[in-house]
Amino acid sequence: MTQSPTVQDVGHIALIGNYLPRKCGLATFTTDTHQALRVRFPNMRVDVYAMDDHPGRYDYPAGVTAAIPQHDRAAYIAAARAIEDSGAQALWLQHEYGIYGGEAGAFILALLDRVTIPVVVTLHTVLEKPSVAERTVLEGILRRASKVIVMAERGREILENVWGANPKSIAVIPHGVPDRELADPDTFKPRFDWVGRQVILTFGLLAPGKGIETLIEAMPAVVAKNPDAMYVVLGATHPNLVAHEGERYRDSLKAQAEELGVGDNVTFVDAFVDHEDLIDYLQAADIYATPYLNPAQITSGTLSYAVGVGKAVVSTPYVHATEILADGHGVLVDFRDSAAFAREINDLLGNARNLTRLSARAYARGRTMIWSRVAEDAMSEIATAVATRPARLPAGPAGDAKVLRPDIAAVERMSDSTGMLQHSIYSIPDRRHGYCIDDNARALILMSAVPDLDPATRDRWTSVYAAFVQYAWNPDARRFRNFMNYDRSWCEDVGSEDSNGRTLWALGVTARDAAEAKHRDWATAMFDSTATLALELESPRAQAFAMLGAAAMLEASPGHQLALQILRRFPDEHLALLDAARRPAWGWFEIVLAYDNARLPEAIIRAGIALERADLVACGLDTLGWIIEKQTAPEGHFRAVGSESFGRVYAEPLPFDQQPLEAQATVDACCAAFDATGDRRWFVEAKRAYDWYLGVNDLDLPLATQRDGGCFDGLMPTGLNRNQGAESILALQLASCAISGLSKRVESVAGTGRAVA
């Protein structure tokens, strides 16, 4: 049940856009928006995140919370964390192409994907014919936005007809304007030495496309009837244009005026004026002209400001002008029609009564757009987004969720005669990414782990995944390959260390656990001929995978010399890593957290059991307890170490993106800990990790699709990653097998009266 939206319930928002002193229209808009919010809602906290195209260049005022370097994708992710940590209730994003990094501004999606709060977006441009990249980015924004604000009805129409946006999510709120009294231009002209002149003004960053040439071409006809007329072009040259060609464009306009004989009637004010000065310039003008050439322009802040202070406007009929000047609030002429501009300007300058009437009508229109009203309307939309945010359901206690019966339906869906495909789009296999040995090794382990599987089905798929592993072996390089294209061509000669270690693990488990002797014999032979590669592995995780395989092989073949060599080689190296990385609050093998973290203590525990070394078991239990503590949310549920945490030196883990692999690794490690100790604590921890799949997690959303054995790819701040790749499906199924087996062992220990904690 949702509350009625009230602005008073929103006490804290985040605002993203350009900000003064950056010189552009969007910076002015965001600054004015911020100021209007502060005045209208003085008790509300507004955190401003300014987009920064030149880090270090701008001296932002104290009101700016932080700057986001435009081309630094990591900075967007850091800003998302800051917004989440700040307690903001909503994010108001100003969107314009060109101010965000990545292709077509794609970096902003990285930020939006990592905040959980409602997002309201103001679109300053709505394209009817976007490029592929532009469409991809805006579609991503629209999917994430709770509300979308446009400044013209035409923007609404384009969003609905071109972009397929939900009409209920769209609001039309005009560009804000200052709250100024209607004034006589002559009272402001002395400040600019314009006394006695009839002033036509155009304002904005100077660049081609503004149509200035059209007005200059009209000036001879204007001056012929009104010799005191002066066309003032106010604004600095666009910084991007200056960077490429200096002031060549401005100079060409000056030359045009001289050639037409109106050099004394055309004045250029090369300055980026502040807000108050701009309003004074506008109020000193008799007519405001916008000869823009782009008919699709939906927003013009300068036009809005001119109407707001009551200027008579003569404009080309671009979208914003057509709407704001409708019903006699201004004069429209055709694009590039210099004669029409001259005619309409002369009619106004030659008839003071008509000029005054049009000015009054424009001012009345502007009163509906003053910043305080815009702030109120925008906050009403934000409050609605906050109030209608779905309430989270309270999670039940960890351990209450049931254990799913292993089900290989989704595994079969992702598999063909070659092996298991890597990725999917939703639940449909995505053949473009082919196969990898990592997933096929995991699938091979699963075929030995699933109880009560039809023998023919088990035989078929065990053979398929084993054949993939066998074919991946490159005898020339004495390494397994990893990635295979869909056409069965290999992408590489040598796979990663981790993929090689994981494959040895699968061989050891298959040699021990396969239902058929033929598969056990094959795995043993394959292990014997390939496992010496383990002795050259340098990655701690790859070494851990190899240790797990060696421990399994030692159970399958007691006294197996190569397995013993592997198990005796690496544990002491890992103890040394632990000693080197350890800090008072950091009890881990590495100075960073990464993926599959719990495999490191699991391997140490399994090695300790196999070698009968109590010191290894103790180390494994201690480090497992440490990583479990890091993976426990304050509310007590399992919180997988987010992928954004990877590589952050001695840093606490971040909560997103959470991936199924971490929960499975923790379940398996807890199984090893229980086997070493008989302590029921490890069953409780294993079940806590397993329940993550069932919805006992940060978002109270189940990742397991119980009908078909599928599993979503992870938890994002905004919800589920709804793709179902091989790694995720296998993680769920292997975890289900492991927790089921552990439950039986716990019951067995309890039944024997063996002491457990």
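**Entry 1: helix α23**

I began with helix α23 (residues 599–611), whose 13 residues reach 18 Å from first C-alpha to last, close to the 18 Å expected at 1.5 Å a residue. The expected span is 1.5 Å times one less than the number of residues. I took helices (H or I, at least four residues) and strands (E, at least two) as DSSP runs numbered from the N terminus.

I note the basis of the work here: the model is predicted, local features need pLDDT of at least 70, side-chain atom pairs count only at pLDDT 80 or more, and totals for chains, interfaces and linings use all residues. Residues are numbered from 1 along each chain as its sequence is written, and side-chain values use heavy atoms, with hydrogens and water left out.

I then looked up the cover of α23 and found 10 of its 13 residues buried. For accessibility I used these classes: buried is under 20% relative accessible area, exposed is over 50%, and partly exposed lies in between (1.4 Å probe, protein chains only). Among the buried residues are Arg599, Leu600, Glu602, Ile604, Ile605 and Leu611. The cover on these buried residues includes α18 (497–513), α20 (540–556), α24 (614–630) and α25 (660–677), where contact means heavy atoms within 4.5 Å. Just after α23, I recorded a positive phi of about 55° at Glu612.

**Entry 2: strand β8 and its partners**

I asked which strands pair with β8, counting a pair if DSSP finds at least two bridges between two strands. Strand β9 (residues 229–234) runs parallel to β8 and is joined to it by 6 bridges, with Ile200 opposite Tyr231. The chain passes from β8 through helix α6 (residues 212–225) to β9 in a right-handed β-α-β crossover; right-handed means that, with the strands pointing away from the viewer, the path from the first strand over the helix to the second runs clockwise. Strand β11 (residues 287–290) is also parallel to β8, through 2 bridges, and Leu201 faces Tyr288 there. Because 5 of the 6 residues of β8 are buried, this strand is largely enclosed by the rest of the structure.

**Entry 3: an antiparallel sheet**

I found an open sheet of 3 strands in the order β14-β15-β18, with antiparallel pairing. Between β14 and β15 (residues 428–436) I counted 4 bridges, and Ile425 stands opposite Ile428. Helix α16 (residues 437–449) packs on the sheet and touches β14 and β15, its direction making about 100° with that of β15. Axes are lines fitted to C-alpha atoms, for helices over the stretch in contact, and angles run from 0 to 180 degrees between N-to-C directions.

**Entry 4: salt bridges**

Arg367 and Asp179 meet at 2.7 Å, N to O. This pair links distant parts of the chain, 188 residues apart. Arg367 is partly exposed at 28%, and Asp179 is exposed at 53%.

Asp430 and Arg432 form another salt bridge at 2.8 Å; Asp430 is buried at 6%, whereas Arg432 is exposed at 66%. Through shared partners, salt bridges also join Asp438, Arg502, Asp596, Arg599, Glu602 and Asp668 into one network.

Methods
Salt bridge = Lys/Arg side-chain N within 4 Å of Asp/Glu carboxyl O.
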